[in-house]
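Please look over the sequence and the model before reading on.

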Amino acid sequence: SCIPSITRGVSCVAFRFNGDMWLFDAGEASQIQIQKSRVKASKIKKIFITHAHGDHSFGLPGVMCLMGQSTQDERGKADDNGAPMEPIDIYGPEGTRDLVRAMVQLTYSRVVPPYRIHELKNVPFRNYRSYQPPTPVVRTRADARFGEVNGGRDIYPDERGRWHLLDEGELSVQAAAMQHTVPCVGYVVKEKTRA
């Protein structure tokens, strides 16, 4: 299930909200599936990564390049006043910032849209076995030439172990730790209670 095939993609779910699209994970070949679907890459505003395994993250640089190209094309057609593009918000467990920076910078991908990365800190390792994966040591730095903009946050869990990511008026998004072979979170999109 973790390898894309001719007939099946890996983890990538699109969620539509007020005309915008939010992606949950971006497994390998996600950009191909997006192109086959009715999802417009230029409408993707947020990406939520559950964990760093490739079947949930290897498609991220391709999706970002597709988004960047699509956004530039649409802006060229619809917006000649030169207003800055809103950055894409990327959420994920600690290490997501290094993962995205490394993938974008080491591949010289300058077509990506402006983006900012919000890391969920202190995600516990909840494996049902005694195996403890080694903690990778990767050190990257922000570089505006590759699309990263200021504003990315470090988000810490509350006293109940939940990360409060955003509140968009009608919807809120929280995360909680999941049991997996690497630090992993699950996301909950919650609609506000109405009368």
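This is a predicted model: local features need pLDDT of at least 70, side-chain atom pairs count only at pLDDT 80 or more; totals for chains, interfaces and linings use all residues.

Residues are numbered from 1 along each chain as its sequence is written, and side-chain values use heavy atoms, with hydrogens and water left out.

Helices (H or I, at least four residues) and strands (E, at least two) are DSSP runs numbered from the N terminus, and two strands pair if DSSP finds at least two bridges between them. An open sheet is formed by six strands in the order 1-2-3-4-5-6, with mixed pairing. Strand 1 (13-17) and strand 6 (154-155) are at the edges with a single partner strand each, so one side of each has no neighbour in the sheet. Helix 4 (residues 96-106) packs on this sheet and touches strand 4, strand 5 and strand 6; contact means heavy atoms within 4.5 Å. The direction of helix 4 makes about 145° with that of strand 5, where axes are lines fitted to C-alpha atoms, for helices over the stretch in contact, and angles run from 0 to 180 degrees between N-to-C directions.

| Strand pair | Sense | Bridges |
|---|---|---|
| Strand 1 and strand 2 | antiparallel | five bridges |
| Strand 2 and strand 3 (residues 44-48) | parallel | four bridges |
| Strand 4 (residues 88-93) and strand 5 (residues 115-120) | parallel | six bridges |
| Strand 7 (residues 162-167) and strand 8 (residues 171-178) | antiparallel | five bridges |

Strand 1 and strand 2 form a hairpin with two residues between them, and Asn 18 in its turn has a positive phi of about 50°. In strand 2 (residues 20-24), four of the five residues are buried, so this strand is largely enclosed by the rest of the structure. Buried means under 20% relative accessible area, exposed over 50%, and partly exposed in between (1.4 Å probe, protein chains only). Trp 22 stands opposite Lys 46 in strand 3, and Tyr 91 stands opposite His 118 in strand 5.

Val 13 belongs to strand 1 and has Phe 24 in strand 2 as its bridge partner. With 49% relative accessibility, Val 13 counts as partly exposed. Not counting residues up to four places away in sequence, Val 13 touches Trp 22, Leu 23, Phe 24 and Asp 25.

Strand 7 and strand 8 also make a hairpin, with three residues between them; Gly 169 in the turn has a positive phi of about 85°. Leu 166 stands opposite Val 173 in strand 8. Ser 172 lies in strand 8 and is buried, with a relative accessible area of 13%. Leaving aside neighbours within four places in sequence, the contacts of Ser 172 are Leu 166, Asp 167, Val 188, Val 189 and Lys 190.

The largest pocket has a volume of about 760 Å³. On a 1 Å grid over the protein atoms alone, a pocket is an open set of points where a 1.4 Å probe fits, with protein on both sides within 12 Å along at least five of seven lines; lining residues have an atom within 4 Å of a point. Grid points are joined across faces, edges and corners, and the volume is the space filled by probe spheres set on the points. The lining of the largest pocket has 25 residues, of which Glu 94, Gly 95, Thr 135, Pro 136 and Pro 183 lie nearest its centre. Helix 4 gives the most to this lining, with four residues.
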